[in-house]
Structures are given as structure tokens and as C-alpha cells.
Amino acid sequence: MIAVTSVDGTLDGKLDERFGRAQKIMVYDPATKDSRVIDNKLNMSASQGAGIQTAKNIIDAGAKIVISGHVGPNAFNVLKAAGIEMYTASNMSVREALKAFEDGKLINLTGADVGGHW
Amino acid sequence: MEKIKEIVIVSGKGGTGKTSFAASLALLFKGKVMVDCDVDAANLHLILNPEKLIRQSPFPGGKKADIYSERCTKCGVCVEACRFEAISSDFVVDTVLCEGCGACYVLCPANAVNFTEHTGGHWYVTDTGNNERFVYAEMLPGEDNSGKLVAAVRNEARIEAESTGSSLIAIDGPPGIGCPVISSVTGTKLVIVVTEPTPSGMHDLERVIALSAHFRIKTAVVVNKSDISLSWLNAIKEYCSANNHYFLGEIPYELSITEAQRAGKAIIDYKPECEASKAIKGIFERLQLMLENI
Amino acid sequence: MKIAFASGKGGTGKTTIAVNFAYHIANSGQQVQYIDCDVEEPNGHLFLKPTALEKKPVKVMVPVVDLDKCTFCGRCGAECRFNAIVNLKDKVMIFQEMCHSCALCVKICPEGAMREDEREIGYTEQGTAMSGISFVQGVLNVSEPMAGPVIMAVKKYYKEGFIKIIDAPPGTSCPVVKTMSDSDFVVFVTEPTPFGLHDLKIAVSIALNMGKPVGVVINRDGEYLPLKEYLDENGIPLLMTLPEKKEIAQSYSRGEIILNSFPQYAENFEKLANNIMKLSGKKIKGSKK
């Protein structure tokens, strides 16, 4: 399963580059080519640690790969501890991001690439 | 598609003129979304005067505990559990001191604690004319989750920037260096600090710059009321130069700025030919150049 | 007696008025303590110039997991309201900056596997300033989000029998409320502008809801009818004004106590003292002239 942070929950909609405050998470199964949407909106009003909450949501969804714009240190540490690989993409739709991942064009994150935030 | 850039105006010290400066920038930048992230003392709407409300929403303030006296057996488990001294000896929760941790709710053996969300504030997405968007919020007094409300306001601004095709989001930030400032600053491409040439201005400038450095964001500095102390103005310029922060410019102190505010206008609108207005326009030009290269 | 100086809007002159007031009543022979609760940006020290500062760290409690006892049941993470704990099948991750130190996780762990450790988020500094003013300030470490615990730590230094001048942060949120919560009187320093008035109204409402007696000081005084109307209509006493004068701004920019360079303004601060005494019924000045 591949999780992609998404602005509007559609495959042709934009990738949401902010991991923790992403509106929606699309979970894509490359085997069946099915996708579903998880509402991440609770994080808009989450106390703090939205990145952590989003990471928890992704773990619960069973994803082994995450594609987003930037991942802060807390989210990174949670995903890493859970054995989930992170890839970064920018300025493209969810569909394009999945294709770019398949083609091996996305960068694998080995560390948080932005400072943490609320 | 051009990527949306976010810039934020902060000050460290309160009252240096962030919002007055932001109001002028709002008139100079075309095709942008303005955001007021000073959610516990929102002032920008008093000058931008939104024409149309596009949408609004109440914002949850986190949960607070409340004890049902009918069910309470006065066993005292809650009082002992509360780390914030928020429960009185007669089992009443002080909603100001309550931090919403839920300890009393989870530990109460009599199920006598009601733990519910309450409204912490409201946010508003507005049109200030010419299809230009302005997003702001007002937090209810005494709340402690301004960081979350700031994040919500910024999210709405991003939605509006996408829908209007704007490539710039300009944020009027709060004073200080705490949670709401952190929430206003992260993920931006440029932090502009508006300060004043005084010991407090310098002291607080250093602390807020330490914050933007912590988040690895480029910083630019504007000195407002610049002519009250030449020596402090120079000290700030030297500090910028020594630490690789861009000195955007200085704005002299003028009584017209206060008059403009009382008239509900930005200074460049109220008195376009005064020294302060000319200075702001010069700063705007340098800022535009900076933004092209970020 | 504890007198808080707040404002709503930042930059109206809270600290300027507070430090000069402390100076004025200290010179009358009264024992005064200045307490800086604006822990994000404390400025009082720039004017009062305290010496012999004793620094103490401010620590908060954060949870630590005993992996020998932990069964990874996930109860702690499930109950934490602040996203400070993440449970994975064979790990417990703790995010200390998120933690509000409520200790719920410690109390509900069925195995007793959670204990607490200390973490530093800032410090307090205590010393003596000019005119024998007792001085204490709190400083929050840069990048720490929560001012609350540092404010509470500063208050532990209250001196019995001293008139306590408490300098509050700007704004109207939790740190301001925490600062004002135990004051006997709240002085709101404002400026005669739309921004000042807008924020003043919110800030005053907090104090009134807490049942505090209040009064207003107008700094940089000028013609602005809506402010005077607001005070009259709501019966809020005007305690003192200071004029808008370049000489005052310049003195402030030199880090000076204004009363030192311009002793003629002592009568303004005398008025402030007398008004507070009248309204509170408490003596706050000594008898030295």
C-alpha cells in the first residue's frame, strides 16, 4: 500500500505537500490498482503533533510507502520506526506522483527535510 | 503551475508596526492572499475592511472537563490526578486552568466527568474587493490553542490561493516566539521581522531570528520608527550584515501613521507622499526582487 | 498586593509603565518586586538593570518508558490528548515537546511501566535592580511552544509584604490569563488607536470575567474619542495618561527609566499610585517624598 497526502482526495487532484496538515490521505494498492481516501481533517483541529497523528493514520491504514512534499522530524521518526519508506514529490497530481514513484524518479527521504511545526 | 510562496511578517516585540506595514503591503502586492495569524489580537481586518464574507467556521478549542455534581461521589480521585490545580475542593472545574488532558475523565470511578469540545474561536475567509482574498481568525479570550487556529487559517489561505490562482500568501504574524508564532512561521519561504531601534527591539529581534534560524528560513529585517535612535538603527544594520540577514529598509516615525490607522486606512493610501509611504514603497520594491530569487 | 500590567495589543507601553511605576513607588520607601511574566520576550531587565542574577532552570516532567515492564498494549498513546505518545507494535515513541506533563499515561499504565523525567524548557533569574527593586524574570527557551510552566515558575519567587508589579505578555490567550490569574488589580496600558481599543476590549473582558478590579493607562495620549467613550460607557477608570512626546520615545530608546531623565512625569505616576490605592483600598506607597 502506498499513501499519498492529497488536497482533495482524487487521483487527479494535487498532492498536498504539507504532510501533517494534509486534508486527505489517498491509499493506493498497486496490486489491485484500487484507491481509497482517508480523511485527515481531524488534524486541522488537532491539539498539536499533526505530523505524528498523520503518521499514526498512515500506519493504521497499512501503508508501507508514503509520498508527500515535506516531512518534519516527528513524523519522520514515527514513520521510520514503523519501517515505512518516505518519498518526496512536488507540484504534481497524486496520479503523477504514483507514476513517478513507479518509474523510480522520486527521492527517498533519509531524514526530515523541514523543521517541525504545529 | 507556479508554486505558491508564503511569507510572514513577525516582530518579536509587540507594537513595532507589523500590522500597519502588512496593511500597506496588502495594497502593493497584487494577486495575493493576505492572512492575519495574530489570532488572539487580530487587527488587520480593521484596515483591510473585508467587503464580502465567503465562508466562516467556528473552531474547536480542545476538550475541557466538567463535573456532573449529581453523579459525583466526592471521592477526590480527580483532584489528586489533576496536575494543573484546576479542580476545586468542592469539585468544580476551572475552565481557565483546565488543560484538557482528560485525566479526571479517564480516572473518575463514578463516570461523573463530562469531557467535551468547546468553541475556541472562529475563522473567516473574505474578499477585500477585486476578488482578493483575506483570511483571518479571532480566538476566544483565554484559550491556549492558538497554534492550531493559526494552522487552520493558513490552510484556508492555501485553498484560496489555489482557487484564485495567486502565487503569494502574505501572513501578518503574532508577537512573541511561542506556539502561534511557530505555527505562523514554519513552511514559509521568508520571515520579515519588523522591529524598532531600541534595546527591546534589538533584544526581541535576536530571539525571533533565532526562531527562524531554528526552522532554517531566510530572514529579512525592516526597522520602523527608524529615526528615534540612530545608534540603535546602525546596531541593527550591523547585526544584519554580520549574520547574513537581508536589511530591507527603514521607515521613519510619523504622526500620520497613527492618523491613518484612526481613519481606517493604510499609510500609503492615507498620505502617499509622506516619507513613511515612500520608504514603504522602496521596501516593497526590494522585497519583490528578493521574492523572485527565493 | 499584586498589580498586573497587561494590554491586549503589544507595544502599548506595558513594560515602560510597569518599570517606571516600580521605580516611582520604590523611591517612596516602599518594598517593591518587579516580576516579568512576558517569558517569550522579557524586556524589564533592559530598563531596571538588575545585578547579581541567580539563574535557575525551569523544568517540566515528561514520561519515560521502562521497556522491561512495557507490554506494548498501546493504552498510553490511546489516552494521550497531545499526540505525545506513539505506540508501534514493539516500540513506544515519546515526543517530549508535545507533552503537557499531565501524567495520565503514568497513572493508567496497567504495568506501571511509565515513569517521569525532567526536561528543561527555560529559566528564571532573580536579583536586585535599581532603587532596591527586587527583580525576577522568566525566560522561555527559543523553539519551546509553551510559556505556561515558566510563568508559573516565576511566580514561586513572590516576596511576602512587597508590592508586586507583574509585567504580563501581550495578547489575550492562555499565558496572559495565567499571569493575571492571581492579581489583586489589573492595569491595562493602551494607546488611543483603533488597534489598541480593539484589543483592549478583549483583554479587559478577560479580567472582568475573572472578577478583577481594572483600570486603564493611556500611553502616547492623543485625540481618539472612541477610547474615551468606551471607558465612560463601561465605567472603567482612567488611572493615568502619558503624552505622546518624542523625548519620551528617545529616552526609552536609550534604555532609560523615563523618570530619571524627566522627573516631571513623576506626578503622572503619583496619580497612578493614588488611583490604584483609592480603588483597591490598599496602601502601595511609602512615605518618603
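Predicted model: local features only at pLDDT ≥ 70, side-chain atom pairs only at ≥ 80, totals over all residues.
In chain B, nine strands form an open sheet with mixed pairing, in the order β3-β4-β5-β2-β6-β1-β7-β8-β9. The edges are taken by β3 (52-67) and β9 (246-251) of chain B, each with a single partner strand, so one side of each has no neighbour in the sheet. On average, neighbouring strands of this sheet are turned by 20° against each other, direction ignored. Within the sheet, β2 (residues 32-36) and β6 (residues 168-172) of chain B run parallel and are joined by five bridges; B:Val35, for instance, has B:Ile171 in β6(B) as its bridge partner.

Helix α1 (residues 18-28) of chain B lies across β1, β2, β6, β7, β8 and β9 of chain B, and runs at about 145° to β1(B). Helix α7 (residues 199-214) of chain B also packs on the sheet, where it touches β1, β7 and β8 of chain B, and its direction makes about 170° with that of β7(B).

Turning to chain C, the axes of helix α1 (residues 14-26) and helix α11 (residues 266-280) of chain C come within 10 Å and cross at roughly 85°, and the two helices are therefore roughly perpendicular to each other. Residues in this contact include C:Phe21 and C:Ile25 from α1(C), which meet a group in α11(C) with C:Phe269 and C:Leu272 among them. By class, the contact of α1(C) with α11(C) has eight nonpolar, two polar and one charged residues.

Finally, the cysteines: the count over all chains is zero disulfides. For B:Cys179, the nearest cysteine sulfur is that of C:Cys174, 11 Å away.

Definitions and conventions. Residues numbered from 1 in each chain as written. Chains lettered and ligands numbered in written order. Heavy atoms only, no water. Disulfide = S-S within 2.5 Å. Axes fitted to C-alpha atoms, helices over the stretch in contact; angles between N-to-C directions. Helix = DSSP H or I, 4+ residues; strand = E, 2+ residues; numbered from the N terminus. Parallel < 35°, antiparallel > 145°, perpendicular 65-115°, else oblique. Contact = heavy atoms within 4.5 Å. Nonpolar A, V, L, I, M, F, W, Y, C, P; charged D, E, K, R; others polar. Pairing = 2+ DSSP bridges.
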